Every structure is written in structure tokens, then in C-alpha cells.
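Here is a short briefing to read alongside the model. Keep the viewer open and follow the points topic by topic.

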Amino acid sequence: LGLDMEELEEIEEDAGLGNGGLGRLAACFLDSMATLGLAAYGYGIRYEYGIFNQKIRDGWQVWTEACSPFLPPAQPKPPVVLALPYDTPVPGYMNNTVNTMRLWSARAPNDFNLRDFNVGDYIQAVLDRNLAENISRVLYPNDNFFEGKELRLKQEYFVVAATLQDIIRRFKASKFGSTDSVRTVFDSFPDQVAIQLNDTHPAMAIPELMRIFVDIEKLPWNTAWDITKRTFAYTNHTVLPEALERWPVDLVEKLLPRHLQIIYEINQRHLDHIASLFPNDMDRLRRMSLIEEGGTKRINMAHLCIVGSHAVNGVAKIHSEIVKTQVFEDFAALEPEKFQNKTNGITPRRWLLLCNPGLAELIAEKIGEDYVRDLSQLTKLHEFVDDDLFIREVAKVKQENKVKFALYLEKEYKVKINPSSMFDVHVKRIHEYKRQLMNCLHIITMYNRIRRDPAKLFVPRTVIIGGKASWARRYHMAKMIIKLINAVAHVVNNDPVVGSKLKVIFLENYRVSLAEKVIPATDLSEQISTAGTEASGTGNMKFMLNGALTIGTMDGANVEMAEEAGEENLFIFGMRVEDVAELDREGYNAQKYYNELPELQQAVDQIESGFFSPKEPDLFKDVVNMLFHHDRFKVFADYEAYVKCQEKVSELYLNSKAWTKMVIRNIAAAGKFSSDRTIKEYARDIWHVEPSDLKIPPPNEPRDAVEDKTPNGTAA
């Protein structure tokens, strides 16, 4: 038809069915499970309206219509909520295996009008119809924040109920050596079915499976509970208290009364067990209960997941330690063998081959193509760290990616970009704990240094910050952070004294398809969360694999990246977890840092006085007030170390060869962070299945070859 495939790809909307790291991780996991030949399904909700599209107007985030790749035709209103499955094939890499992602849709009678957006409550604008079909209408856009809304609980139960019915239907229809026409015995259920709970959002699956076993299949409680526990495993993804799901008992009683009874029974037996081990320890019973008393009675969903699962894991070594020793220490003391670590990973198919073909090909020329399925082979690149030709080629690929992205930026933002400047990139959800504000203070500090001495050598930088603001009670602050970055960008980018030395861009509508463009073009990756707050992070791994260097704290997977590459090959700075704890004990005093650091003082004064918002001088007073009086994430405490570390970054950037050698050492050490490795660990340690690298023959070839290799001809 004379159409260009690349052009069509550009036009297609991202599916946008998740918020950030959690959903993207699941997508990488599906890719790895198919590539490793595991018979695995991903289940979720097919939202009509996924994560909102972000527009920046006058420096402020506004909402436009959500990503809607799937607008269904109008349907008559059904008498019950019907979960309709929509299947998306998930192909493995070159192994003729195709798995399934099954997303459930609650049928809706009509579409809604988008004219009401950006006026008040986003969710309300989407709804105002109070119908069962609204269940799969819209994704709640909170990342790392729990908002106890009734519709959200309905969504959580909806996905769980539909999925368990599907799993049990499939189990009953499969023979597994049984002669019955339909299976009625569930003893082998945990041997045939493993369910991984991706955070606590599907936690209602535990009481729901109990309800099915006890009420419908008429199993005795103890049998049902044993099967349930052996079936479920739980992955914890955050330690932020405001992110942990704690559903009000009243709401659960109104919506799911039987499930509440079952949760109470689970809790009673759990507490009886604790009491038998620790007589008269009332405080321990209170801490370990699934029900939180006092004020509004709430169900602690993480406690439900721990009690109802046979395995619990964090997503990076440091995070799993914190889970064991702090967040759930009573549970870990009781059953230490239940707690594991599974460090997150990313799929090299999307995050190298697809987004950075130039680098992927260069690597293949040196070490062959097998690394795509076995990323540990990247260590072979260590042999080429001193190879002058390879060094030049790696630098050339990066430069080509930067030129391409610079053209994109100039087209989209009408800002002239210097492609030889350092591309300093900070892209992730906007959240106080991720400390975009600290980056902002560094930008202001660089700006002030240039103005103070314009003749002095300055290593040119293009600072790129992007991300959607999480919203709920703290939405105001996230919105203000975006506005501040844009206000600073406006001043910096229009100051003739600065010229091409420093440019600041806020990347609008950060999403997967934009990540695929910016990550291969990045020189410096910003991973600067307060130590002990980022469970793992996966963007950090994507940048490492694509030839960026990392400036970061000892948090999340940064710790293991430094372990793999050598700490001297990352720019590590700032407080460690122990230092943060120490500072909490003595009391964090932001004023002290402000008084002692003149450059910090100048930057903060400029924000407060309206230097960056001359028309509204007190626009940012809330931000400054937060930084002084209730900054849980201690931006000022790490400011000095951060700025000094950034000076070391600039110094190295001047030496292109030394910089590129460090890049090669990082790429060579990135193998651990393949999601293939992560999934092999889940498969062996939690699900008890063996990954297979068997390539199924394509449909046009005979299948004898495969059948000969499997015992008794049964499929794995």
C-alpha cells in the first residue's frame, strides 16, 4: 500500500495499561516467560482508559484523554458483571513459543464524553454513572500511593474472581493422568498451578480461592487452606507506608461480606498460632494481626498476603533485607525460610535489540548473537575495554543516538540542542522520594555558576527530566515540582549568558515509547532516591544496558549494579540506609544545611523570592516550606555530596575515551539484570518449574523432534 511501517508504529498509541515500574516489570516478565518456554499467563484488566496522557500547559501538568487503545462498541447493560477475556499473544524470542496475556473487560453500555476533562476530579469526569460496567473503565493513576476508593476495590475483586474461575476451569479440564471426565480432587492443585501476586493489588485472591474451595467445592477448611498457601506467592514492591493497601473493614463488609468472614477466620487461626508461640505477648498479636484496630478498622493486605502465601520476596537485595528486618520483621522472625530476594530485571529484547539496534549489532559483532537469550555473556565485552576501535565504535553509536534524539527534541520543543553536550536524564514518575527537586537544585546551582563566571570552562549539559505526577493527597506537591522544573527551564533556556552551555527540558508525556527513544541517547542516568525508599528501580538497568553512566545513591538495584560493575564505575554519592536511620534518630534539621552551604542557600532563596516566577513571587512557597519543615526524603542532606559528585561526572566527560571505557565496563556488567535471570529464579525457587530452551518447530514442520525429548510424551 506504499505505507511506511515505522510511520505506522509512531502513530499507534501505547497500551498504557499500567502506571509505571510495576506494570512495565510485568511486561518484561511475560517476554521472559515466553522466551524461557514456561507455560505462563499474565492476567489483568483491559481498561478502556489507561494511564492519562500528560500535556504541559504554561509549565503545569494537565490531563488530556487517557490512552485508549481499546474503545469497545456500545453494549446493552448486562444483569451481572460479565468478565470478557481479551487475549494478546506474547511471543518468545525466536523459539516458536507464544504465551497469552488475558485481560478482562466488564462490558459497558456507552462511551463517555471527554469534554469535561481537566475541570475538577478526573475520575469523577470519567464516571458519574454508577454502573457495574464502570469496573474496567479507567485505571487509577496512583503510583506508590494507596487511595481506598470503592471502585478500586471492585476492580481488584473483579480481576481476581475472573482469573480464579479461569484457572480452576482449566485445571478441571486438564487430565493430569486422571480418568475422571472432570477433575474434582484438588490435592494436586498446587503442583499444577502457581499464582504470583504482583504486590497486594490482587490480595483478594486468597479469600476468594478459600471461598471457592470451602463454599463451592466443599473442602474442609484445613485442606483448603493448605492448598491455598501452597498455590500463592507474594512479591512486595514498596516499603513506603502510604503505598501499603489497608482497606476499611466497613467497605469490604458492604461489598464482599463473605470474604470479610473468611479473612476474619484466617486472622483468628493465625493469631491463635502466634499466641501459642508467644503467650501473653499482646503487642505482638496487635502488630501481626491482619486487622488494624483503632480509629477506622482496616485490613492490612500485605499481612494477608504473607500469611496466605508460601513465599514472599522483595525485588532487590537491599529491599528484601529491609522487608525482612524492618517492614515485616515479626513475620520474618516466625518463618525466615518464607522470605526471599528476586532482584528485578528487564527484557533485553525490547530494551536493547528493539530500542538500540546500533549498539545491539556492535555487541553481536564482538561476542556473537547468543547474548540476546543469555545476557550473562556480556561479560565477554571486558576483553574489549582497551580496544581502541571498539571504544570509538561505542562512542559513535551513542553520538548517532544523541543526534537523532536531539532532532526529535528540536522538532517537539523548538529548543536548539547541542548534541555534543552531556545528556543528563532523569525520567520516572514524579514523586518526592525520587527527588526530582534535588536535580532541580543542581540545575539552579550550575546556572548560578555560569552566571557568576561566564568565561570559566563549563562542561555543556542538556538536562532532561520527565514523568507523570502521581496524584492523590500529595498531588499538589508533585504538580508544583513539575511547574518548578519548567519555570527554571524557562529562565535557563532564555538567558543569553548561558547560551548552549546548559539547556533544561521537561519531557512531556513520558511513556514506554518515549523511553525507547531517550534511553539509548542518554549519557548520565539519574537514580537519586533517598537510600531505603526505591525498592529496586528498573530504569536504572535500562540505562546501564544502553551505555549510560549512573549517578545514584546506594538504593534499590543501584547497589547490585555497583557490585557487578565495581563501585568505581558508577557515580555513587550520599547517605546510605544506615546514615538515613541515624539522621532520623538525631532529627533531620534542614535549616542547618541551608545555613552551611552558600550555593544551596542561593538556590533556595531564588525559588522562594520568585526569581523563577516573577509574575507570582510566592508561587513556590509550599515547595520551600516542605523542604525546610516536612521533607521526609532529606533533599538538603544529600545536596552537597550530589553536587560534588556531579563535578566528578563533568570532569570525566571531558575525557571521551575514559568515559567510553567506563561505559563499556558497565555494559559488560549488565548481564545480571536480564529479566530472564529473574524469571529463572522465580521458576526454580518459588514456582518449582524448569525453564526450557527447547525450540518448538514451526507449524509447517513435523513435531516428532520435540516429542522424542520429553518424558512419556507429556508436555511440560
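Ser421 sits in the loop between helix 16 and strand 13 (422–427). In this predicted model, Ser421 counts as buried because its relative accessibility is 0%. Leaving out residues up to four places away in sequence, Ser421 touches Lys402, Pro460, Arg461, Thr462, Asp523 and Tyr653.

**The annotated lysine**

- UniProt, in an unreviewed entry, lists Lys542 under "modified residue: N6-(pyridoxal phosphate)lysine".
- You will find Lys542 in helix 20 (residues 539–545), where its relative accessibility of 7% makes it buried.
- Beyond its neighbours within four places in sequence, Lys542 is in contact with Arg24, Ile346, Trp351 and Ile519.

- Helix 15 spans residues 357–367, and its buried residues are Leu359, Ala360, Leu362, Ile363, Ala364 and Ile367.
- An α-helix has 3.6 residues a turn, so residues three or four places apart point the same way.
- The packing partners of these buried residues are helix 14 (348–354), helix 16 (388–413), helix 20 and helix 27 (656–668).
- Gly368 follows helix 15 and has a positive phi, near 85°.

**Cysteines**

- How many disulfides does the structure hold? There are zero.
- Cys28 is in no disulfide, and the nearest cysteine sulfur, that of Cys355, is 11 Å away.
- Seen from Cys355, the closest cysteine sulfur is that of Cys28, and 11 Å is too far for a bond.
- Both residues are buried: Cys28 has a relative accessible area of 2%, and Cys355 has one of 12%.

**Salt bridges**

- Side chains of opposite charge can pair when their charged atoms come close.
- The structure holds 51 salt bridges.
- One of them joins Glu292 to Arg246, with the closest N and O atoms 2.8 Å apart. Glu292 lies in strand 9 (residues 291–292) and Arg246 in strand 8 (residues 246–248), so this pair ties together parts that are 46 residues apart in sequence. Glu292 is partly exposed at 23% relative accessible area, and Arg246 is partly exposed at 30%.
- Asp685 and Lys342 also meet through their side chains in a salt bridge (3.1 Å, N to O). Asp685 belongs to helix 28 (residues 675–687) and Lys342 to the loop between strand 12 (339–341) and helix 14, so the pair ties together parts that are 343 residues apart in sequence. Asp685 is partly exposed, at 37% relative accessibility, whereas Lys342 is buried, with a relative accessible area of 2%.
- Lys657 forms a salt bridge with Asp388, whose closest N and O atoms are 2.9 Å apart. The pair links distant parts of the chain, 269 residues apart, with Lys657 in helix 27 and Asp388 in helix 16. Lys657 is partly exposed, with a relative accessible area of 41%, and Asp388 is partly exposed, with 38%.
- A network of salt bridges links Asp281, Asp283, Arg284, Arg286, Arg287 and Asp330.

**A loop residue and a surface patch**

- Phe145 is in the loop between helix 3 (122–126) and helix 4 (150–173). Is Phe145 buried or exposed? Phe145 is buried, with a relative accessible area of 14%.
- Phe145 and Leu240 are 95 residues apart in sequence, and their C-alpha atoms are 8.3 Å apart in space.
- Leu1, Leu3, Met5, Leu8 and Ile11 form a nonpolar patch on the surface, and together they have about 650 Å² of accessible area. Leu1 lies in the segment before helix 1 (5–11).

Note on methods: Residues are numbered from 1 along each chain as its sequence is written. This is a predicted model: local features need pLDDT of at least 70, side-chain atom pairs count only at pLDDT 80 or more; totals for chains, interfaces and linings use all residues. Side-chain values use heavy atoms; hydrogens and water are left out. UniProt positions are given in the numbering used here, feature names are shortened, and annotations may be inferred rather than shown by experiment. Helices (H or I, at least four residues) and strands (E, at least two) are DSSP runs, numbered from the N terminus. Buried means under 20% relative accessible area, exposed over 50%, partly exposed in between (1.4 Å probe, protein chains only). Contact means heavy atoms within 4.5 Å. Patches are made of residues with over 30% relative accessible area and no salt bridge: like charges are joined within 9 Å, nonpolar side chains (Val, Leu, Ile, Met, Phe, Trp, Tyr) within 5 Å. Accessible areas come from the Shrake-Rupley method with a 1.4 Å probe; for residues, only the protein chains shown count as cover. A salt bridge is a side-chain nitrogen of Lys or Arg within 4 Å of a carboxyl oxygen of Asp or Glu. A disulfide is a pair of cysteine sulfur atoms within 2.5 Å.
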